[in-house]
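Dear colleague,

Please find below the structure for your records. My notes on it follow.

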Amino acid sequence: MLRRDVLRLGAASVAASLSSATLHASIDANKAASHPSPPSTVEMWGCMELPLQGPSEGNPFREVTLTAEFQLEHRTVQVTGFYDGEGRYLVRFMPDQPGRWSYRTASNRPALDGHTGSFACVPATSPGNHGPVTTARQFHFQYADGTRYLPMGTTNYAYLFTTEDNAALVLQGIAKAKFNKTRICLLPKPLGADTSQQILPFPRQGEGNDLTRFHVAYFQQAERRLLALQQAGIEADLILFHPYDAWGYKAMGAEADEFYLRYAVARLAAYRNVWWSVANEYDLVKNKTMADWDRAFRILVAADPYGHLRSIHHSGPIYDNTRSWVTHASLQRYDFEKTAERRDAWRKPILYDELQYEGDIDRRWGNLSAEEMTRRFWLATVHGAYASHGEVFMAHHGEASWSDAGALRGDAAPRLAFLRDTLQRFVRTGLAEVENSYYLCATESNDLLLYYFDYHRPARYDFPLPTTGNYQASLVDPWQMTTTELPGTFSGKSRIALPGRPYLAVLFHKVSDNHDPHTEAAKPEVLD
């Protein structure tokens, strides 16, 4: 009896083992079948995307957790995956070092847990792939590979959720004007009186929102358009909250805010051209406190494994830009003369992201002339800061304005492209204001000096150049978009005759060291 019992027990044990092995083999087979091959090679700062099939029942946005650890030698980076609808899950990763990375997923659902693999990260060779933008030398910016980045921004709030035709107009306008950054909203704003046809990020429940799940088609469209910007070499300053919505997103509450922020980071952080702007005109979102905005920054810092740039934009009171989680100041101001004071206080780059708009509408902030928009960009530049353009002309036949994602119509844009080309030609990292200069002047280590006369129109000026270098000089007309090289070289106090017109600039760039500081500089001809 004992022997037969042992035999029966042994047979049952073997059967159970075989059943368990079959079950695990079935799970592994299902994983393999639902695991399309991820790429075997990814560029540095490209997007490695790992697709997985998993459960679709219940609420996967809330109930399913998915993370992955990516490892290169001793270094491990943990990223969060997300649900993309119809049983599809994605993990996205932006590798920043060459080598063979391995990965392993972890999930509270067996179908998503324990996926492993590896891929080779190779040096970036795609045109324009210099990695994400970061800060450099305290007050400036550069790409991850060390390439300089001089922001020349614009504003297209509705680009991610406007019509395909309007989105195409934005890309055409940006390319024509040579902008390299745009400010865009992730959450929608109304595109007209009838909002019933707009695609929205959350499903609607009668007159309210289901804030426990997402409308993935909304985010999929946003991703396509973000990648179109990336391919065009445009940084996307992504505005996460704003006061302009018609659906209650500005008053979702802390739990829904965090749910949305973490989902946005999981989906979008692996795109190298993303910046985070926590809010546009944060102080006009009346139901949120300063503690709420601090919390949003903390969530971004915790959730984003790549440390993308972070800022917050204001209408009235300026946020405390000394906070550690703020990487640069985003200002709605045009008091450029306070730039030096702000730099000393914040020790960070300054972007005058809203210095009013070129246009013809009846609001004071929306009818700058092209001449004044151009002037303000030059003022920001010689004060050692950066600026963003905006445009709001009266709509014709229901057309969208440029800043809501439409056609570029104004005359400032080509002048700003000229400014960018001028700076790109000479500036290595960024300019600093020469404080107490008689006329506005910016410099870069005395290798470059840029004087801007604003509304002054002197017929001549004695430029106090360093005696340690020999400089070539160019007269720059920002409006006519001309650069005229002046004959000779200059060192020390150098008198130059000028045309006597306002809004001109003179640019000096050092061509050699001056070993005889007493050498008199060459005198140029009088310019007409």
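The side chain of Asn209 reaches the backbone oxygen of Trp247 at 2.6 Å. The model is a predicted one, in which local features need pLDDT of at least 70 and side-chain atom pairs count only at pLDDT 80 or more, whereas totals for chains, interfaces and linings use all residues. Residues are numbered from 1 along each chain as its sequence is written, and side-chain values use heavy atoms, with hydrogens and water left out.

Asn209 lies in strand β15 (residues 208-209); strands are DSSP runs of E of at least two residues, and helices runs of H or I of at least four, numbered from the N terminus. Asn209 counts as buried because its relative accessibility is 17%, buried being under 20% relative accessible area with a 1.4 Å probe, protein chains only. Its side chain also makes a polar contact (N or O atoms within 3.5 Å, one able to donate a hydrogen and the other to accept it; residues adjacent in sequence count only if both atoms are side-chain atoms) with the side chain of Arg204, at 2.7 Å.

As to confidence (pLDDT, from 0 to 100 for each residue), the chain mean is 91, but pLDDT stays under 50 over residues 1-34 and over residues 520-528.

With kind regards

Technical notes. Buried < 20%, exposed > 50% of the residue type's maximum accessible area, 1.4 Å probe, protein only. pLDDT = per-residue confidence, 0-100. Contact = heavy atoms within 4.5 Å.
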